[in-house]
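Keep the sequence and the 3D view open as you read.

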Amino acid sequence: MIMLGKIFHLILPFAIIGSVAAASKEAPKPNYSDVKYGPEERQVLDFWKADSKKPTPVLVLIHGGGWIHGDKKKIAKQARNTIRLMLNKGVSVAAINYRFVPKYKLPVPVHDAARAIQFLRYKAKDWNIDKKYIAATGGSAGGCTSLWLATHDDLADKNSPDPVLWESTRLCGASVGDAQTSIDPVQIRKWKNDGALKHCMICWSMSFKNNRDMSKNYETVKAVYKEFSPVNHLDKNDPPMLLRYYKGLDAPTGIHHALFGSHFKKRADEVGAPVTLHIGRKPAKGEKRISSNAFLLKVLGIN
C-alpha cells in the first residue's frame, strides 16, 4: 500500500540554515526571478547575485518533495539565513524549480536540475559566475538530485545544437539532508529499508500507480532505477559530499532513514569517495562535526 499522506513529510526544515540572525522571515529578494533555463513551464530559477568584482561561486538550492511537489520560493524562505550568509561571503545563490513525477517520469526532474547547472555556467559572463565553483544542496529528493549531480559523469554535450548543453553538469560539492541514495526498490529491500517503499516517491518516479504495478514491471525499468541511484556512481574522483540524517539508525525505516546514508558512506569508503556522514541531531561522544554552511563555504573556495 502507498501511504499518500507521507508525501507531505518530504519538505523538511532546511538542512543548512545557519546561526546568522535573520532580519526577516522572508528570503532576500533575488536579483533575477523566474528566469527560464529551458522551454518548459517549471524550468525556471531565481538568482541572487553576490556583490563582487571577481567571478563568484554559486550555491544551488534544489527543493525536496519526492519529485512530486515543492517550490523554489519555499526552499529559499527556509534557507533565508544561508542565502544572506553566502551573499555576505561573496557567493551567489540560485534556487530552481523542475518538472514533477508521476506526470513526468525519470530522468525528467533530475535532468532538469542538471540543465539548470549548465544554464548557470552558460550565464557565467552575464552573472559574474565562477564556473569552477558550483555546489548544490537540498533535503530529501532535492538531496538525492544533488548527490546524483555530484557523483554522475559529466553530461556536457559539445555536439548539441543547444549551447546550454555544452556546459558541464559537475559540482564542486554537495551538502544534503535526509537524502535518498538509492531509488532502486530491490536495493532498498536489500538494505532492509522496506519502510521507504511505503512512500509513493519510489513507484511514482517511474509513473507506476503503486508498488504492485512497480514490482510487476520492475525488469522493464531496472536500468533506470539503477541509473538514478547516486550510490551506484560513487568513485574516487567525486567532489566532497556531506550527508545529514536527523534520526538514528534505530528509528523505524522510511524514505528519510539513515540507512540510506550508512550504505552510501560504506560504498564511498570502498571506492575512496570523499563523503562525510552525520547521523542524529547531536554528535556522538567524541565525534567532530562540520556545520553545513562551513562545509559549503569550504568546497566553494571561500576561506
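Q: Where is the place of Glu40?
A: This is a predicted model, where local features need pLDDT of at least 70, side-chain atom pairs count only at pLDDT 80 or more, and totals for chains, interfaces and linings use all residues. Residues are numbered from 1 along each chain as its sequence is written, and side-chain values use heavy atoms, with hydrogens and water left out. Strands (E, at least two residues) and helices (H or I, at least four) are DSSP runs, numbered from the N terminus. Glu40 sits in the loop between strand E1 (32-36) and strand E2 (44-48).

Q: Is Glu40 buried, partly exposed or exposed?
A: Buried means under 20% relative accessible area, exposed over 50%, and partly exposed in between (1.4 Å probe, protein chains only). Glu40 has 31% relative accessibility, so it counts as partly exposed.

Q: Which residues is Glu40 in contact with, leaving aside its neighbours within four places in sequence?
A: Contact means heavy atoms within 4.5 Å. With neighbours within four places in sequence set aside, the partners of Glu40 are Arg99 and Tyr104.

Q: How is helix H11 placed relative to the rest of the structure?
A: Helix H11 covers residues 292-299. Its buried residues are Ser292, Asn293, Phe295, Leu296, Leu297 and Val299. Six of the eight residues are buried, so H11 is largely enclosed by the rest of the structure.

Q: What covers the buried residues of H11?
A: Both strands and a helix take part. The cover includes strand E3 (56-62), helix H2 (80-88), strand E5 (129-139), strand E6 (173-177) and strand E7 (241-245).

Q: Which residue just after H11 takes a positive phi?
A: The phi is about 80 degrees. The residue is Gly301.

Q: Why does the radius of gyration of the protein chain agree with a compact globule?
A: The radius is taken over C-alpha atoms, and the globule rule is 2.2 Å times the number of residues to the power 0.38. For 303 residues, the rule gives a value near 19 Å. The protein chain agrees, because its radius of gyration is 18 Å.

Q: What is the mean pLDDT of the protein chain?
A: pLDDT is the predictor's confidence in each residue, from 0 to 100. In the protein chain, 92% of residues reach 70 or more, and the mean is 93.
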